[in-house]
Amino acid sequence: MTAQTVQQGDLVTVIGLEVHVQLETDTKIFCGCSTDQTDDPNENVCPVCLGLPGALPVLNEAAVEGAVKVGKAIDADIPEETRFHRKNYYYPDLPKNFQITQYDEPICADGELEISVEGDRRTVTIERAHLEEDPGSLQHVGGGGGIDSAEYTLVDYNRAGTPLMEIVTAPDFRSPAEVRAFLAELEDVLEYLGVFEPERDGSLRIDANLSIIPAEEIEGEDATEIGPDALAAANRTEVKNISSHKGAQKALAYEETRQKNAIQRGRAVEQETRHWDESRGITVSMRSKEEEKDYRYFEEADLPPLRVSGWKEEIAIPELPSARRERFEAEYGLSEEAASKLTSTKQVADFYEDVAGEYDPDLAATWVADNLLGELNYRDMAITDIEGRLDEVTRLVELVAEDEITAKNARETVLRSMLDDGRTPDEVVAEEGLGKTGEDEVQRAVVEAVEENPDAVADYESGDDGAINFLVGQVMQKTGGSADPGDVNQLLRAELDD
């Protein structure tokens with residue numbers, strides 16, 4: 001991370017994350033039940049994921065493969081052998097009263113991920129990433145639906161046993177904005193790997209540990225390197241129930257302010273677990289924070305050690321977002337902003353490269369990054385929503401590249417009609433009469449505009465260059481918007497300067 005200078009009297013924010021990512025597999029991690037959470041409650045369950053006596057877990061190979069891909073993407077150490085443990089605690093959504101997870105031998109350790117915050121590149125240390133099973137889900141009913149106000153709670157075990165990867169960072173963050181940037185980059189990486197479905201409810205959940213440390217307790221002037229003694233001495237809160245990048249920034253900004261206010265008023269910050277209530281925009285106390293010893297970890301006797309030696313070398317990962325951004329800038333001459341937009345998802349990046357392979361890369365960038373994504377965002381859609389129609393968008397770019405329609409009509413009429421009405425670009429062009437007007441017809445419209453608007457002509461001849469814009473508008477109106485404004489401008493100047 002970049003050094004941050006602190007002075008006496010400053011209060012330094014220190015944040016570490018535990019990011020829970022549901023891995024995209026067809027079946028659960030230790031049984032053959034479907035991971036589809038859209039089915040009726042408690043439909044996709046069996047003796048294994050319900051924790052019934054005598055049921056034995058069998059490890060899902062696809063979950064392990066996904067974990068290895070994540071490890072490679074974050075440049076982590078992947079040991080030759082790893083093992084599972086039981087984490088013991090009681091909660092209604094945990095039917096066995098323990099969770100099968102990994103303790104001191106995780107499948108990934110000592111990784112890192114580079115992020116960009118306001119143009120500043122920083123590296124976040126990832127201490128570990130381990131496999132575990134997801135608990136079930138709770139539905140709080142009545143009383144506003146809040147965890148602290150519900151009349152009663154229902155339990156759905158469809159989610160219980162879904163493959164989960166917990167990614168634990170070092171306490172490297174110094175602001176909620178940095179956390180949001182990290183989560184966005186991490187989600188991009190996971191989506192590129194094909195191990196994560198961002199649209200699935202609850203697929204990404206964040207627990208954040210936040211402490212406020214007075215500058216007097218930090219040795220030296222650098223807030224980036226905070227020693228273990230200062231970290232150990234500071235009480236921290238764990239904030240749960242965060243499910244989005246934006247939610248993480250809001251929750252941590254609130255908690256940061258709450259703790260700083262307490263310290264400035266001479267009150268102690270309790271070490272506790274707090275719940276982020278998104279509807280109210282506050283954190284509420286849940287319980288005192290557990291310590292590691294409270295979970296009584298011990299080895300899972302029903303699962304043998306997991307050996308990935310030899311196998312992990314065969315698992316390949318694709319080009320990742322950061323590398324693709326850099327290549328787009330170098331290969332296609334794109335700006336950093338355009339490259340970031342075009343690599344926002346793997347589908348967007350793949351489509352851009354398909355279009356840029358046939359037409360001018362700058363034209364392709366304008367159409368994919370600005371026009372297409374802009375119209376999709378306006379409609380709260382993603383490129384995956386038109387996955388079967390991308391050839392039609394390519395055809396629209398072709399019509400513009402071949403100068404068969406104007407860029408304005410292509411953007412404002414054809415593309416919008418395609419998205420709203422489901423018509424193809426050729427259908428819209430034909431039905432709306434948007435084919436480019438022939439040169440002779442445009443020239444006739446230019447002559448007519450000059451003859452019909454003597455005042456504008458006089459203004460232009462008097463040195464008012466802005467008058468040409470009015471005349472361009474008149475020609476565009478006569479041609480139904482099918483003429484190219486640039487060509488019209490040149491034809492008018494030639495006519496008036498003759």
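The questions and answers below concern helix packing, nonpolar cores and selected residues of a predicted model.

In this predicted model, local features need pLDDT of at least 70 and side-chain atom pairs count only at pLDDT 80 or more, while totals for chains, interfaces and linings use all residues. Residues are numbered from 1 along each chain as its sequence is written, and side-chain values use heavy atoms, with hydrogens and water left out.

Me: How are the axes of α2 and α4 oriented, given that they cross at roughly 160°?
Reply: The axes of α2 and helix α4 (residues 245–264) come within 8 Å; axes are lines fitted to C-alpha atoms, for helices over the stretch in contact, and angles run from 0 to 180 degrees between N-to-C directions. Helices (H or I, at least four residues) and strands (E, at least two) are DSSP runs, numbered from the N terminus. Angles under 35 degrees count as roughly parallel, over 145 as roughly antiparallel, 65 to 115 as roughly perpendicular and the rest as oblique. The crossing of roughly 160° therefore makes α2 roughly antiparallel to α4.

Me: Into which classes do the residues of the contact of α2 with α4 divide?
Reply: Contact means heavy atoms within 4.5 Å. Among the residues that make this contact are Leu183 and Glu187 of α2 and Leu252 and Glu256 of α4. Ala, Val, Leu, Ile, Met, Phe, Trp, Tyr, Cys and Pro count as nonpolar, Asp, Glu, Lys and Arg as charged, and the others, Gly among them, as polar. The division is eight nonpolar, two polar and four charged.

Me: How is α8 oriented to α10, whose axes cross at roughly 40°?
Reply: The axes of helix α8 (residues 361–378) and helix α10 (residues 407–421) come within 10 Å. Residues in the contact include Trp367 and Leu376 in α8, and Leu415 and Leu419 in α10. The angle of roughly 40° makes α8 oblique to α10.

Me: Which residues does Phe182 touch?
Reply: Phe182 is one of the residues with the most contacts inside the largest core. Residues up to four places away in sequence are not counted. Those touched by Phe182 are Leu17, Val19, Leu113, Ile115, Val124, Ile126, Thr169 and Phe173.

Me: Is Asp134 buried or exposed?
Reply: Asp134 is found in the loop between β6 (120–133) and β7 (137–141), and its contacts beyond four places in sequence include Arg159 and Arg205. Buried means under 20% relative accessible area, exposed over 50%, partly exposed in between (1.4 Å probe, protein chains only). With a relative accessible area of 2%, Asp134 is buried.

Me: What is the phi of Asn97?
Reply: Most residues other than glycine have a negative phi. Asn97 lies in the loop between β3 (85–88) and β4 (98–101) and is partly exposed, with a relative accessible area of 37%. Although Asn97 is not a glycine, its phi is positive, at about 70°.

Conventions. A nonpolar core is a set of buried Ala, Val, Leu, Ile, Met, Phe, Trp, Tyr and Cys residues joined through side-chain atoms within 4.5 Å.
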